[in-house]
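Here is a short briefing on a protein model. Take a look at the structure first, then work through the points below.

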Amino acid sequence: MNIFALSRNAFKNTIYTSIIKQTSFSTRTTFSSLANQNQCRLCGSKLNTGARNVFRIKSIRFKGTSTKVEDGNTKEKLTRLLSLAHPERWRIGGAVGLLLFSSAVSMSVPFFIGKLMDIIFSDPQSNEEMLKRLKEMCFLLGFVFAAGAVANTGRIYMMQTSGQRIVQRLRSNAFRSVISQEVAFFDKEKSGELINRLATDTSLVSRAITDNISDGLRATSQAIGGVSLMVYTSPKLAGISLVVVPPIVLFAVLYGRYVRKITKNVQDKLAESSSVAEEKFANIRTVRAFGQESKEMNLYNAVVTDIYDLARKEAIARSLFYGYNGFTGNMIAMMVLYSGGCMMIDSQITVGDLTSFMLYTVYVGVSIAGLGSFYTELMRGLGASSRLWQLVDKKPTIPLTGGSDVLRVIADNSIDFKTIDFYYPSRPDVQILDEFNMKVESGDICAIVGESGSGKTTIGSLLLRYYDVNKGGIDVGGHDIRSFDPTSLRQYIGTVSQEPALFSMTIGENISYGATHDVTTNDIIDAAKKANAYRFISDFPDGFDTLVGERGQMLSGGQRQRIAIARAIIKNPKILLLDEATSALDAESEHLVQDALQKLMHGRTTIIIAHRLSTIKSANQIAVLQKGRIAEIGSYYDLLTKEDGLFKQLVDRQNFQVEE
């Protein structure tokens with residue numbers, strides 16, 4: 001086990017090192033496919049991914065990260081875990097029926113072998129008669145074995161398909177819950193941790209209630225059947241054999257509890273390794289630019305080494321457990337052979353019965369070991385299910401649906417920020433907005449400027465209701481946005497940010513992503529033309545079918561920005577939010593983007609969060625933010641007339657930087 005754990009972690013290190021050294025890499029590779037899998041893609045061996053356990057553990061902290069886990073009722077959690085199999089009850093019930101039949105076939109083997117031995121070693125008889133009885137017995141055995149094989153085939157197929165259907169539902173429900181959470185949830189949670197739950201925990205849970213239950217029932221039925229037949233064959237030998245069963249069961253329970261604790265830590269560390277790798281892969285250009293490949297390799301190696309240390313502890317317990325089981329099993333066999341030999345000398349048992357008894361002893365030993373594995377896997381599944389319930393049961397503080405449809409209730413497109421106080425949930429000790437008041441009339445263009453950290457971008461996040469204000473309110477069309485259906489509110493508002501997020505799809509798919517209705521190819525082309533994007537798209541060999549790469553990295557900044565504008569155009573919003581949409585562009589790209597934005601803003605209520613102050617001259621009003629409050633408000637030229645005004649200082653400072 002130690003060797004396997006070491007080689008597994010060495011393999012992960014090799015993969016990570018190889019990827020981080022590549023000169024070109026498509027960013028944001030999902031690392032869960034490398035680090036969190038149940039089977040090694042190289043050798044096909046089973047990986048012990050473990051599972052987070054929640055029993056009798058109050059809190060665990062790893063390098064500044066705290067995970068609070070509450071005590072729970074094991075019976076209730078087990079009941080809920082098994083309830084996952086309820087939709088597949090008929091299929092699983094059929095599999096259990098086939099399992100019982102195949103187990104009965106297996107348990108009949110020692111009986112028939114014993115009879116064969118008695119035929120061979122019984123009193124002298126003619127060769128013809130012995131051959132006849134052997135043929136009859138072998139023909140019957142062949143028929144029984146064939147029936148058992150068919151039953152076993154059906155059992156495995158039904159259990160495997162049931163397990164995959166359970167995994168499908170689990171992953172869908174967990175993903176639905178995660179993607180429905182408020183933005184504050186993602187501020188605190190690591191994406192690698194969430195991916196680990198979706199990928200690994202769902203598989204562990206599925207196995208725990210399908211294949212593992214099947215194996216447990218098989219082991220139970222064979223153990224009960226084997227013990228019964230042992231007693232039937234020879235009560236005296238059965239008493240000798242079963243004297244060691246209680247210590248084995250006790251050791252199995254203790255081992256299962258230990259594994260339950262240690263595999264939770266392993267699962268936490270696996271999630272941490274996924275987060276580390278995913279973050280570095282997503283920012284590979286930054287890593288490369290600063291030449292920090294060696295640092296990142298060492299950081300990842302440290303996490304993987306921690307995983308190995310935990311796996312080594314489990315390996316020690318595992319080796320002791322199976323070593324003890326093997327020793328006791330061999331001692332049983334020796335005691336049975338000695339006692340059985342003495343009984344044969346006294347003619348108390350036949351050679352066939354002793355042979356059958358020995359085989360039953362082996363079956364019972366294997367079944368008891370299987371029950372130990374069943375208990376361990378069930379504990380892992382129970383821990384993994386607890387992690388999933390944390391996601392599935394979590395109710396978002398800002399739901400996706402519920403409330404009035406914006407289009408049906410508002411009279412105009414005005415926006416009114418009313419005495420707003422706001423703190424980010426992840427930083428409750430830092431006030432971002434302090435009694436912020438501002439009104440934007442319907443159809444007006446309002447620019448918001450200020451130094452970095454003054455709260456400009458936060459205003460846009462609050463308008464989209466990514467977060468709820470701590471005090472005050474925001475009205476759109478005379479109604480508090482908290483009374484609106486959040487999805488309809490966000491469909492009503494179009495956004496273009498400084499660094500637009502494009503998906504790893506085609507250009508056409510990225511543009512149509514913003515549509516709230518069915519769109520045609522002509523709609524996409526028209527939006528691209530209005531965004532000044534049609535020309536460069538047409539220059540690509542695949543046109544609108546061109547793949548943009550992860551986060552649109554195959555395109556320039558200006559091209560990504562214009563596609564984002566086209567995406568906003570096709571959405572046809574009534575309110576527009578531009579978050580420093582031209583601040584990171586060169587002069588030519590800025591001209592094209594600014595022209596596209598002018599077309600987009602026409603007739604729409606617009607809030608511009610601006611960095612380049614020269615681009616907001618046409619705004620109806622400009623609000624200057626300082627420490628979460630409006631320090632000045634007015635038109636561009638009115639604010640410039642204030643000699644000691646904050647806006648004039650910002651303009652002068654920016655002009656000075658341009659002149660230099």
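Arg91 is partly exposed, because its relative accessibility is 27%. Its salt-bridge partner is Glu88, with the closest N and O atoms 3.7 Å apart. Keep in mind that this is a predicted model.

**Salt bridges**

- Side chains of opposite charge can pair when their charged atoms come close.
- The structure holds 11 salt bridges.
- Glu88 has a relative accessibility of 2%, so Glu88 counts as buried.
- Glu88 and Arg91 belong to a network of salt bridges that also links Arg165 and Arg169.
- Arg629 and Glu435 form another salt bridge, at 3.6 Å from N to O.
- This pair links distant parts of the chain: Arg629 sits in strand S12 (residues 629–634) and Glu435 in strand S4 (residues 427–440), 194 residues apart.
- Arg629 is partly exposed, at 38% relative accessibility.
- Glu435 is partly exposed too, with a relative accessible area of 38%.
- Lys530 and Asp526 meet in a salt bridge at 3.4 Å, N to O.
- Both lie in helix H18 (residues 521–530), 4 residues apart, so about one helical turn separates Lys530 from Asp526.
- Lys530 is partly exposed, with a relative accessible area of 40%.
- Asp526 is partly exposed as well, at 37%.

**Nonpolar cores**

- How many residues does the largest nonpolar core have? The core has 44 residues.
- Those with the most contacts inside this core are Val449, Ile511, Ile565, Ile616, Ile622 and Phe647.
- Helix H20 (residues 557–571) gives the most to this core, 7 residues.
- Leaving aside neighbours within four places in sequence, Phe647 touches a set of residues including Val449, Leu613, Ile616, Ile622 and Val624.
- Glu632, Tyr636, Leu639 and Leu640 are also among the contacts of Phe647.
- Another core lies apart from the largest one; it has 34 residues, among them Tyr424, Met438, Val469 and Leu489.

**A pair of helices**

- Two packed helices are described by the angle between their axes and the distance between the axes.
- The axes of helix H7 (residues 191–209) and helix H8 (residues 211–233) come within 3 Å and cross at roughly 30 degrees.
- H7 and H8 are therefore roughly parallel to each other.
- On the H7 side, the contact is made by Arg207, Ala208 and Ile209.
- On the H8 side, Asp211, Asn212, Ile213 and Asp215 take part.
- The residues of this contact divide into 3 nonpolar, 1 polar and 3 charged.

Terms used:
Residues are numbered from 1 along each chain as its sequence is written. This is a predicted model: local features need pLDDT of at least 70, side-chain atom pairs count only at pLDDT 80 or more; totals for chains, interfaces and linings use all residues. Side-chain values use heavy atoms; hydrogens and water are left out. Axes are lines fitted to C-alpha atoms, for helices over the stretch in contact, and angles run from 0 to 180 degrees between N-to-C directions. Helices (H or I, at least four residues) and strands (E, at least two) are DSSP runs, numbered from the N terminus. Angles under 35 degrees count as roughly parallel, over 145 as roughly antiparallel, 65 to 115 as roughly perpendicular and the rest as oblique. Contact means heavy atoms within 4.5 Å. Ala, Val, Leu, Ile, Met, Phe, Trp, Tyr, Cys and Pro count as nonpolar, Asp, Glu, Lys and Arg as charged, and the others, Gly among them, as polar. A nonpolar core is a set of buried Ala, Val, Leu, Ile, Met, Phe, Trp, Tyr and Cys residues joined through side-chain atoms within 4.5 Å. Buried means under 20% relative accessible area, exposed over 50%, partly exposed in between (1.4 Å probe, protein chains only). A salt bridge is a side-chain nitrogen of Lys or Arg within 4 Å of a carboxyl oxygen of Asp or Glu.
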